[in-house]
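Hi everyone, thanks for coming. Let me put the structure up, and then I'll walk you through a few spots in it.

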Amino acid sequence: MTDTGLPNRPETPRAVSLGERSGKSVGVPRGSDPGSRGRTTIADGVVAKIAGMAARDVPGVHSMGGGFARGMGAMRERMPGAGGKSVTSGVKVEVGEVQTAVDLEIVVEYGVSIIDVAGDVRENVIAAIERMTGLEVVEVNIAVGDVHLPDEDEEQPERRLE
């Protein structure tokens, strides 16, 4: 020992890792990416639900899906125990390991700019999927299948011939 001018003190014990005790390297090296310590898979249905919810949140979108899909959805909503609205109606996705593509069929409200609504839907869907899943959205294709007219919601009373 070198003379430091300090009185001799017993050495303070230090924490010893399991690897030092056994002489073997144990665990994961510090600083390694947690993402490399396993695999995460995201089901197509998860991405489809995110896309469907994000598209419905955009003002000017009346509903999702084509005529047949909307008709079946309306029937499903009326049946007790059938689960109500399908969030994925009008949504088709292809999910890879790091990328995804989305196809949407929407019905817009009468009077809105279809181009603006489609652009807003595209932005909202991309942002939601990328934020929630980390997948890169390579494309969002939008098909406008119908325009919802204001008087289509009103139920007209049946006329009876007397």
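Okay, one term before we start: a polar contact is a pair of N or O atoms within 3.5 Å; within protein, one must be able to donate a hydrogen and the other to accept it, and residues adjacent in sequence count only if both atoms are side-chain atoms. Also, this is a predicted model, so local features need pLDDT of at least 70, side-chain atom pairs count only at pLDDT 80 or more, and totals for chains, interfaces and linings use all residues. Residues are numbered from 1 along each chain as its sequence is written, and side-chain values use heavy atoms, leaving out hydrogens and water.

So, where does Glu130 sit? Look at helix H4, residues 114-133; helices here are DSSP runs of H or I with at least four residues, strands are E runs of at least two, and both are numbered from the N terminus. The side chain of Glu130 reaches the backbone nitrogen of Val137 at 3.0 Å. Skipping residues up to four places away in sequence, Glu130 touches Leu135, Glu136 and Val137, where contact means heavy atoms within 4.5 Å.

Now over to the strands. E2 (residues 91-95) pairs with E3 (residues 99-109) in the antiparallel sense, over 5 bridges; pairing takes at least two DSSP bridges. A hairpin of 3 residues joins E2 to E3, and Glu94 has Ala101 as its bridge partner in E3.

Last thing, confidence: pLDDT is the predictor's confidence in each residue, from 0 to 100. The protein averages 79, and 62% of the residues score at least 70. Over residues 155-160 the pLDDT is below 50.
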